[in-house]
Amino acid sequence: MRTEQLAYELVVVGGGLAGVCAAIAAARGGKRVALIQNRPVLGGNSSSEVRVWVCGATAHGSQHFARETGIMGELFVENQFRNPDGNPYYWDLTILEAVRAEDKIDVFLNTDVRTVAASGPEDDRVITSVTGWQMGSEREITFTADVFLDCSGDGLIGFLAGARYRTGREPRSEFGESWAPEVPDSNTLGSTILFYTKDVGHPVKFVPPPFALDITTTSIPERRVIKTELNGCAYWWIEWGGELDVVDDNERIRDELQAAVYGIWDHIKNSGKFDADNLTLEWIGAVPGKREYRRFVGDHVLTQHDVLEQTEFPDRVAFGGWSIDLHPPGGMYATEAGSRHWFSDGNYHIPLRSFYSANVRNLWMAGRNISASHVAFGTTRVMATCAVGGEAAGAAAALAHELGVTPRELVDRHLPEVHRALVRSDASTLGVINDDPADLALGATVSASSTLRRIDVEVSSGTHPMAEPIAMIVPVWPRLGEVEVLVDAGRDTTLVAELHRTGRLQNYVPSELVQRVEVQVPAGEKQWVTLPFDWQPDQPQNGFLVITDNPELALHRSDQVEPGMIFFRHREPGPEEMYTEQWRAWKHLWHRSGICLRLAEPTTAYAPERVIGEYARPYGGPRMWVSEQLDHDQEPWLELAWPEPQTVGEVVIIFDDEVEEDLINLHHHRTPFDVLPGLVRDYRLEGLVDGAWTSLTEVTENRRRRRSHLLPADTELAGLRLVIAATNGAPRAHVVAVRAY
C-alpha cells in the first residue's frame, strides 16, 4: 500500500460525460487537471458497464437543429465515424482517446474518493483536498487543488464539503411548478439495469435462477412493452428504487433489478408467447444506472418555468431540449405509464449560476447534480445535456482560476470573457454572438466565389396527397415574397396557406400568424401555384409556412432540400396519448427531402458574411455560407480581406456537421452516414502575403466540425482564402464560421 499526495490546478471527480467534458474543457483552458473515476472505464451511464443511450437536446428528433456542438459534438461525430453500429466498447474507446489526447489531463481510474478536506463557515466553505482509494494498485491518493468539480452524479464530494443540496421532490408552492406534488417527499427517479440478447441460430434453453421475478404476478406484462427484438435502453422502464434511498439502498435495488431482468427473460424464453427459441442472453448489467440523487444549490435554481418559458438568462452557457421527463416512483411496478413528457417549444438555456455551489466558493458541479428543481432536473439529467454543462463548467472554472476570482465574481464581472471562451471552443450555447475583439475576422470584409441566393427546387420525385396539413421552415432574410409550389389538382379547388412566426429564434413551431392566403387552383397536373406572401421581419428568422389539408390537391415531392429547411405534417393526438402537455401536433415528415417550391425573393440567409460575427449554429436561420451547387462552382472559395495586413497566429474554421441529424452513441437508430455529408472533406487555406496568394495548409479526408490551424509566428496576411475541393456528399459547400486570431 502506498500513500501519495498530488497537486493540480483543477480536480474533476466523476468520469461520466459531464466529468469528461469538464476535464477536457479545463485542460484546453490551460489548466493541469486530475480526472478521477471510481470505475474502470469512463463514460458513466453511457459506458459499456451500463449502456444507456446518450440523449440530449435533439430529443430523438422532437427538437430541431439542436444537436450539441463542442466536446460532446466532437464525441458524437467521431463515434459516428468509428462506430456506426453502436458497439458499446468502441464508444468507451472514443471517450478514452478523447481524454488521452489532452496532455494536461491525468486520469485516475478505479479511484474512489471517500474523504474531503474542507473548512470555513457554513456559508463560505473552501475545499483544500480530496482523498481516494485506487483499487487494484492499493494506493491512497490525496489530491490538492485550487478548484474542484463535482461530476460524481450522486454529489458525494459536495456533500462531504458541506455544500447545500436538495433531494426528493419540492412542493408545488415553492416554485409554483404545476408538475411538482402538493406535498414534498423524498421520492426520486429510480435506477435501471439493462440487458442485451443475441440470436445464435440454434435453440438455446434458459433455466431461471431461483431469485428470478415472476413478472406475471406484477403489472409489467400489461403495462410495459416486451418484444424479442428489443435490447438495451429499449427496456429503460426496468426501473426501481424511487421510493427508497438510491444510494443507501443501492445493493437492494441492484438485486431487485437483476431479479426483474431474469424474470423478464424467463417470460420471453419460457412463457410460449414469444418466438425466442434461438435467442440467448448476451449481457446483463451489473451496475445500476442511477437517475437522480443530490442536487446542489447554486446561485440560481433552474425551474419548470425556466425550461418551458425558455428563459434567456444573461449568463446562459449551455442548452437542453429533452422533455421534462418524470417517472412514477414505483418504477416498473407502477400501474401508470413509465414516463410522462412535457417539451418546451425549442431548446432552453441553462445559466452559469446553476453550475457552482452557493456556499462552497471553489466548488463547481456538472451532470445530474446541478442546481435545479426536481421537475427541471427531469430534462437536464440526460447525458448530452450533462456533457455540455460539464464543458461550460470546466471552461468557466479554468477562466475563473486564471483570473483569480470566485465563480460568483466570474458571473458578476466577467461574463463577456466566459461567453467568448465558449464561442471560441464551439461550445453548445444559444444566442451568444461572436463579438470577441481577439477575432481578427470581425474586421475583415468577406466575399465568395458564389452564394445560394435563390431557393428553386423544381425536379419532382413524385407526389404527396394533401390528406393532412403540410408545413415547412423557410429562412427569411431580408424578405419573404411570393412562394410557388408545384401541385396536382383533381378538380377546381382552393389552396389555403398560412405563414407563422416561430417565436424564439431557436424554435421550429408556429407561434403567431403573420399572413393567410387563398389561391384558386384549376384542375390539372404539375401546376406552379403562386402564394402571394409579403413579410419583412426586423431580423433574420424562420417562417413556418403551412399548406392546409385539401383532398383534391397533391404536392410534388423533391429529393433536394436546401440547408435550414425542414418539413412537417400535422397530426392530432390519439386517445392513448394521455399527457396533453407533451403533445406537439407538428411532426417531422421527410428526412433530407421536401417539396418542389420556388421563392421569388432572393435571400441573404446564406451570404458569405454569415461566417463572421454570428452564432455558429442555426438560430433564426441556418447562419452559414452556402455556395452554388458544385457542378456550377466546382471549387468554391471564401475570402477575408483586411484594409491593412494582420499578424495571424491561428485560423479556426467551423464546418457544417448538420446539427439537425440526430446522432446517438449506441443502438437507438442507425444514421446512414459515417461522415455527415455537409462537412467539407478536402480544402486548403491560402494567405495573401506581399500581394501574392500563398498556400498555408491543405487538408484531405476531413470529418470534423471545428478545425484549428496554427500558423508560423509573425505571419502577416492581407487576406485569407478558404478553397473547398470536395464535400463529404453535400451538393453545395457549407461553412459556418471562419475566425482568425
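## Basis of the model

Helices (H or I, at least four residues) and strands (E, at least two) are DSSP runs, numbered from the N terminus. The structure is a predicted model, in which local features need pLDDT of at least 70 and side-chain atom pairs count only at pLDDT 80 or more, while totals for chains, interfaces and linings use all residues. Residues are numbered from 1 along each chain as its sequence is written, and side-chain values use heavy atoms, with hydrogens and water left out.

Phe159 belongs to helix H4 and is partly exposed, at 34% relative accessible area (buried is under 20%, exposed over 50%, partly exposed in between; 1.4 Å probe, protein chains only). Together with Leu156, Leu160 and Tyr165, Phe159 forms a nonpolar surface patch with about 300 Å² of accessible area. Helix H4 (residues 156-161) supplies the largest share of this patch, three residues.

Patch members have over 30% relative accessible area and no salt bridge; nonpolar side chains (Val, Leu, Ile, Met, Phe, Trp, Tyr) are joined within 5 Å, like charges within 9 Å. Areas follow the Shrake-Rupley method with a 1.4 Å probe, and for residues only the protein chains shown count as cover.

## Aromatic contacts

The whole structure contains 18 aromatic pairs (ring centres of Phe, Tyr and Trp, its six-membered ring, within 6.5 Å; planes under 30 degrees apart are stacked, over 60 edge-to-face, the rest tilted). Phe195 and Tyr235 are stacked, because their ring centres lie 4.7 Å apart with planes at 25°. Phe195 is in strand S11 (residues 195-199) and Tyr235 in the loop between helix H6 (220-223) and strand S12 (239-240), so the pair ties together parts 40 residues apart in sequence.

## Salt bridges

There are 54 salt bridges (a side-chain nitrogen of Lys or Arg within 4 Å of a carboxyl oxygen of Asp or Glu). Arg139 and Glu4 meet at 2.6 Å, N to O. Arg139 lies in strand S7 (residues 139-144) and Glu4 in strand S1 (residues 2-7), so this bridge ties together parts 135 residues apart in sequence. Arg139 is buried at 15% relative accessibility, as is Glu4 at 17%.
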